[in-house]
Amino acid sequence: MKKVMQLRKTFSIAMVLSISLFFSFLQLIGQETLPSISDGNPPKTLVELWSGFDPQAEPLEKEILHEWEEDGVVLQVLRFRIGVFKGQKAMMAAVYGYPKGGKNLPGLVQIHGGGQYADYRAPLTNAKRGYATLSIAWAGRINAPDYTVSPKEVKLFWGNKTKDPDYRVTTDWGALDGYHAPSRYDGDAFNGMQAAGWTMDAIQSPRNNPWFLITLGARRALTFLEQQPEVHPDCLGVYGHSMGGKLTVLTAGVDERVKAAAPSCGGVSGRFDGNSLLRQTLGDGVSLAKISVPLIFLSPSNDFHGRIHDLQTALSEIQSEEWRVTCSPHHNHQDNAAHEVVTQLWFDEHLKDTFHLPETPRTKLTLKTSNRIPILSVYPDTTSPVVSVDVYYTQDADPDKGHEGVINRRWHHAHTEQQSDTWSAELPLSSDSEPLWAYANVRYDLEEPIQGAGYYYRIYTADHFNLSSRMQMVAGDDLKEAAVRPTRQASMLIESFDADWEKEWYTYRPEQWGKRTHKVSDPLLLAPEGAAISIEISVEEVNTLVIGMDNHAAEVPLKGGQGWQAIRLGPEDFKNARGDSLQDFRGIKELRLIDRETLRLRRPDATRPVGRVWKGEAPAFRSLQWIAEDISYLHPGIAHTQSAIALVKGRIAAKQEPWFSSFKKLRDSKHADLDWKPKPHVHVERGPYNNPNIGSSDFSQDASAAYMHALLWTLTDNAACARKAAQIIDAWSTTLQSISNHDARLLVGMEGYNFCNAAELLKHTWNGWAQDNQNQFELMLRGVFYPVIKDFYPSANGNWDAAMLQTMLAMGVYLEDRSMFDRATDYYLNGKGNGAVRNYFKTSGQCQETGRDQGHTQMGLDYLANACEVAWSQGVDLYSAFENRLLKGFEYTAKYNLGFDVPYEPYRSYQGRYHYKSISDKSRGNLRPMYEKVLNHYQNRAGTGTPFTKQAVTKLRKDSYQLNRRPRSVSAADTLMFAGQPDRRVNSPLDATPQAKLPRP
């Protein structure tokens, strides 16, 4: 009996305790998480907003909805209590994961963005690297094996449709609405704080805004982590993307348990400019100002939600001295592995102490330079090996651009040159009145690859990472005050596909070959009215290329293994999802070269897939350009026009000097002998310093002979000369298959020009050259010459590039190929190699090869002058580029070779291959016959003083330079064809006037 009584007593005590606990629980459930507003005044500061809230006070009431193990990782879909609001309990769903058996793990809260899901791949990949991660489903959506909650299932949950087979328990905000995309009760309450039946307060209050509610939920997520037995409570971090990026900043700004944070694409631009109450309570700025923990921003340059100029403000607002940024160029709201992986590295450093990120790269922007082109100098942390440094800059820098303007902002890439621990890049500008933004990206390699889940949970593997500098921002007025000189030039050439071309293109799928670019919206690269677009492509297998423009695309069938295929398309070839054609190319913001995509229209709703799965190796591209339909070329129009020939013929007939004496020298040259026998080769080789010489000298001699015979034909009307020129050209075009070895580019550059001049004169002044033979010559130009020179030789001494420039321009005119013509003019003006005009000459006129010897210096000058003359004949003025830079080079060189002193400063060439520390007197005084055309242009056409060039011409005429001595160039007939030539150029036979191409001071 006693035993029974004891049992009853024990039971009664248990009942009392249970009842007591039950009522205590009910009391606790009924207690509101947040204090009510008693005075009718809403919180007005960040401190007031969070006053009275203790994220650790309430029980979690953890519910496991689904559990499994994968690759040694424990994973759970669960819910935990957020709080009690307006008498109703709110529960947050999440995916939680940690390595099985793990202890003292750092914990991460991962916050998804708008329209996104809590996803198991983030906890899974993080767990494999030693983290416990809670991916919170603040909007209710979940992606996990056998537990998917899409917007459809969220609505089933709202409607309590428990009998539906797709019903899933998920986040329950109770009486409130913290959902998004869709929200439960309102279209979008994130920018307001009006009272409603589903809001916290009955008055206008920031506590009514979902940003506050979700941040509260994220703080409760930190409580969840710190209470898990496998988690170290003092090692907590938070990261998120888009809206999750802003929520990361809001959470890190108010919760001291956060020890490191990594917001991506958010947290810098949410400033509620029109609403001071929201700005002072939930604006990014007030939270940033409270952050003192280590913080890394992932901020793509074209992101619409976390704009890059606001990032610079954010860096000034945070209290933390431990911060980094990584800014992928051209990207909007997405990143690639090299940028996404820094989140993992950041937590490794600050929560695990297993990694140390290099310091933020420092930069210095110099506006006042000797050539008036701004220079950005970069000083990266070199305690870890620097793989590369890239500079990106834009003048498309209006901070108030709308959504479309921001995501399509154009960034230029500037190649950097390294000297010791400094990398520097010139920033050629298009305007001295538009603002300038510039920043640097520094690449470092990882010792071992790292795998993670990206913004949208795609699994990536990174073998390197990228850190960015702060962005330098300069107003247009400051550029003017510094007398910065615009030097970027208009061009029909959109992309040459030279080295580093991909730096101005981008992709979100680097494992695929497709790329996209915003270059087509550059005012200097805009399509002219009525233009077509063309590109050349080489593929191994039959495929379909998709060329996309904004929401239109064209499908291009490709033949496999057919060499280079030329594609030409008009606006009518580009169709949208509904099948409507593009009206014209004006206003295009983005261009894509891809294998397939799905076009979409929202109004009316329509989709259309284009392209197909790519087969075989990635394609090769060259010469993407606009083609103006109304282009007319002047012929003959390489070195000599018909009007120039007629003028010289008249002077010869009248025996006027110096033309008559020069003509006799030409006529008596061995290369003008009608008994000349061509010596063609199937395969020509020119090695270094012409060793080996397999047909190289024969190629050179025959090129000069062909040109001189063709020129004599035009001046004498002796058809035998024309036949001889044709015989030489035909012998080579029907025989030659390749030109190779180290000096092949130089050989084609030097001698291709003479072959083109000869052919141009024959084709347009003589009817005896058979069409089949003309076609064969064209094949030699395209199939043998052009592949050798198309990419120039940037690191060689500049006369190499200069030689190739003259020949490429000549080929462009002869073939009426705007691609070649524009490729050459663009390289002359903007090329990175030693032969481009700004690189070959300093502003003083000193040349890149002045410290080498005077022979090669004059050779480079000669070839560049030839290039300018070809362009001038076709209505494009390269002579006056960069304040007559070519003339400065001629004047400086003539002055020195005439015996005068000139200033000299050590000159380091592109990529530092050559460093000429002092001026060279080798070959000094041996004037090359090249000054006549330059004197004629600047003195007779432009009315510019040329004192030393004029003295050089006078000396050359007096010394009677022998034609047989150096027959490589048209300059052998310099005096004959260029002395005293008036400007008889037709008015702009190409689409641009000369002035339209000029760099202006």
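**Notes on sheets, helix pairs, cavities and pockets**

1. L493 stands opposite Q625 in β30. The model is a predicted one, in which local features need pLDDT of at least 70 and side-chain atom pairs count only at pLDDT 80 or more, while totals for chains, interfaces and linings use all residues. Residues are numbered from 1 along each chain as its sequence is written, and side-chain values use heavy atoms, with hydrogens and water left out.

2. The residue pair above belongs to strands β21 and β30 (residues 620-628), which are antiparallel and share two bridges. Strands here are DSSP runs of E with at least two residues, helices are runs of H or I with at least four residues, and both are numbered from the N terminus. Two strands count as paired if DSSP finds at least two bridges between them. Strands of a sheet pair through backbone hydrogen bonds, either parallel or antiparallel.

3. Which strands make up the open sheet that contains β21 and β30? There are four, in the order β21-β30-β23-β26, and the pairing is antiparallel. β21 (493-495) and β26 (565-569) are at the edges with a single partner strand each, so one side of each has no neighbour in the sheet. From one strand to the next, the twist averages 20°. Angles run from 0 to 180 degrees between N-to-C directions, and axes are lines fitted to C-alpha atoms, for helices over the stretch in contact.

4. Another open sheet of four strands has antiparallel pairing and the order β22-β27-β24-β25. Its edge strands, β22 (515-517) and β25 (552-558), each pair on one side only. The twist in this sheet averages 15° from one strand to the next. Within the sheet, β24 (residues 543-549) and β27 (residues 591-594) run antiparallel and are joined by four bridges. M549 has L591 of β27 as its bridge partner.

5. Strand β13 (residues 375-379) can be followed through two pairings. With β12 (residues 362-366), the pairing is antiparallel and has five bridges; L365 has its bridge partner in β13 at L376. With β17 (residues 422-426), β13 runs antiparallel and is joined by four bridges. In β17, S424 is the residue opposite S377.

6. Two packed helices are described by the angle between their axes and the distance between the axes. Helices α5 (residues 210-226) and α6 (residues 243-254) pack at about 65°, and their axes are 9 Å apart. This makes α5 roughly perpendicular to α6. The terms are set by angle: under 35 degrees is roughly parallel, over 145 roughly antiparallel, 65 to 115 roughly perpendicular, and the rest oblique. The crossing of α5 and α6 is right-handed. A crossing is left-handed if the near helix is turned anticlockwise from the far one by less than a right angle, and right-handed if clockwise.

7. Helices α19 (residues 798-815) and α20 (residues 818-830) pack at an angle of about 150° with axes 7 Å apart. That makes α19 roughly antiparallel to α20, and the crossing is left-handed.

8. On a 1 Å grid over the protein atoms alone, a cavity is a set of points where a 1.4 Å probe fits but cannot get out; a pocket is an open set with protein on both sides within 12 Å along at least five of seven lines; lining residues have an atom within 4 Å of a point. Grid points are joined across faces, edges and corners, and a volume is the space filled by probe spheres set on the points. The count by this rule is five cavities of 30 Å³ or more. The largest cavity has a volume of about 170 Å³. Its lining has 16 residues, of which Y239, T343, A453, G454 and Y455 are the closest to the centre.

9. Which classes of residue line the largest cavity? Eight are nonpolar, seven polar and one charged. Ala, Val, Leu, Ile, Met, Phe, Trp, Tyr, Cys and Pro count as nonpolar, Asp, Glu, Lys and Arg as charged, and the others, Gly among them, as polar.

10. The second largest pocket has a volume of about 1,500 Å³. Of its 35 lining residues, R516, D550, E590, R592 and E597 are the closest to the centre. The largest share of this lining, six residues, comes from β28. By class, the pocket lining has nine nonpolar, eleven polar and 15 charged residues.
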